[in-house]
Amino acid sequence: MKSDLIENLIVAHCSGDENKFQDAIETLAVDEEKKGNVILASKIRKAYVNKKKSTKATGEFSTSTASFSLQSMVPRDKDSLLELFEIVSPEISFSDVVLPESQRNIILQVIEEQKNAEKLLKNKMEPVNRLLLCGPPGCGKTITAYAIGHELGLPIAYVRLDGLVSSYLGQTSTNLRKVFDAVKNQRIILFLDEFDAIAKKRDDSNELGELKRVVTTLLQNFDNMPGNVMLIAATNHEHLLDPAIWRRFNVTVTLELPNSDQRKSLLEKWFEEYGLINACRLDYDVLSKISEGLNGAQIKEWAIATGKSYFMKGKIKQEDITGILIQQLAKFSGEGEEATKVISEMNSRGISTRQIGKALGIPNTTLDYQIKKYREKTKELNANE
């Protein structure tokens, strides 16, 4: 290979001009063909095509000023060699996220401040750039973070805790510094999922001194984080967080399990997506009632399973949909104490044993007997505790 062609290739890559880089690749391939290295030329072209195809997966993004590759900046753990974060290109629109109005408005305010960051900074006002999302599993913390990234047109550096937390003394703190150093010059969202794993209270006597030092390192990096980086953290266990952590966030939003109206919205959205809206007459009030206590992820799984059943059988009824949910919640056992527990809970929410029996193909008298025995047993166990 000629040295000037390689030089042009490097210059084109560093310029961030994708068209220029593509031209340099083609020139290099043509030069190899002229020398009879047809196989090598083919490999060069194929490598570039594969790179283009994997751009979405590996995290190459375009900004308003230039195109640049973020994947090359991802640091690794010294010992395991695992990447400390992965670059994600979020495709989830905020309109796809179902949240209560008050929480939705808070998130929209954060998005608007980030969109108008330059104006705010010129007027000596800092836009919100540190957001803590709290709530039980499946309530939408990750999807909300991804939707924010999509609305802002920003890539997300999703921190991988399996690579970040090391068994070697001091390495976790070092890894944290690597993460913050890697993103500090980028316009990017740094997403710390399962945040409580690295931000626990330092007065917890069960924690090692190393993890307490990790919290100190985390606080230092928070304080030195530049405004071009937006940090979003998510936790299922906010009660475990160190008190000093809370002060580092501009905004905290607590997400909860979807209420009745939200469950209806999610069911309508996903049933439409999987072609079920016109499959049969659906009573969303009943469906919302029997799905009380489910998180968004569980409701989506229910919709997917229902869609599969409809497409395989060509038809579906309301009671079939109820039966699918009971099977899912009972871990597909269909019988035994787990199933009886699910049936009893549904019955307590106002779903008659006649409706449940129709869904499962079991006489309602049998269900009445099973529920009665289960409740008596549960009451007895509670009394003995």
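**Notes on the predicted model**

1. Helix α12 has a buried set made up of Gln262, Arg263, Leu266, Leu267, Trp270 and Phe271. Viewed down the axis of α12, these buried residues fall within an arc of 155 degrees, so they line one face of the helix. An α-helix has 3.6 residues a turn, so residues three or four places apart point the same way. Asp261 and Glu272, on the other side of α12, are exposed. It should be kept in mind throughout that this is a predicted model.

2. Against which helices do the buried residues of α12 pack? Their partners are α13 (284-290), α14 (296-313) and α15 (318-329).

3. The length of α12 is consistent with its helical assignment: at 1.5 Å a residue, its 14 residues (260-273) should span 20 Å, and the end C-alpha atoms are 20 Å apart. Just after α12, Gly275 adopts a positive phi of about 75 degrees.

4. The largest nonpolar core contains 35 residues, of which Phe85, Leu190, Phe195, Leu218 and Leu231 touch the most other members. Setting aside residues up to four places away in sequence, Phe195 is in contact with Leu132, Leu218, Phe222, Ala233, Ala234, Thr235, Leu241, Ile245 and Phe249. Another core, of 31 residues, lies apart from it; Leu276, Leu294, Val342 and Leu367 are among its members. In soluble globular proteins, nonpolar side chains tend to be buried together.

5. How many disulfides are there, with sulfur pairs within 2.5 Å as the criterion? The count is zero. For Cys134, the closest cysteine sulfur belongs to Cys139 and is 9.0 Å away, which is too far for a bond.

6. Two non-glycine residues with positive phi may be inspected individually. Leu81, in the loop between β2 (67-69) and β3 (85-88), has a phi of about 65 degrees although it is not a glycine. Its relative accessibility is 52%, so Leu81 counts as exposed. Lys124, likewise not a glycine, has a positive phi of about 60 degrees and is found in the loop between α6 (117-122) and β4 (130-134). Lys124 is exposed, with a relative accessible area of 81%.

Conventions. Residues numbered from 1 in each chain as written. Predicted model: local features only at pLDDT ≥ 70, side-chain atom pairs only at ≥ 80, totals over all residues. Heavy atoms only, no water. Core = buried A, V, L, I, M, F, W, Y, C linked by side-chain atoms within 4.5 Å. Buried < 20%, exposed > 50% of the residue type's maximum accessible area, 1.4 Å probe, protein only. Contact = heavy atoms within 4.5 Å. Disulfide = S-S within 2.5 Å. Helix = DSSP H or I, 4+ residues; strand = E, 2+ residues; numbered from the N terminus. Expected span 1.5 Å × (residues − 1). Arc of directions from axis to C-beta.
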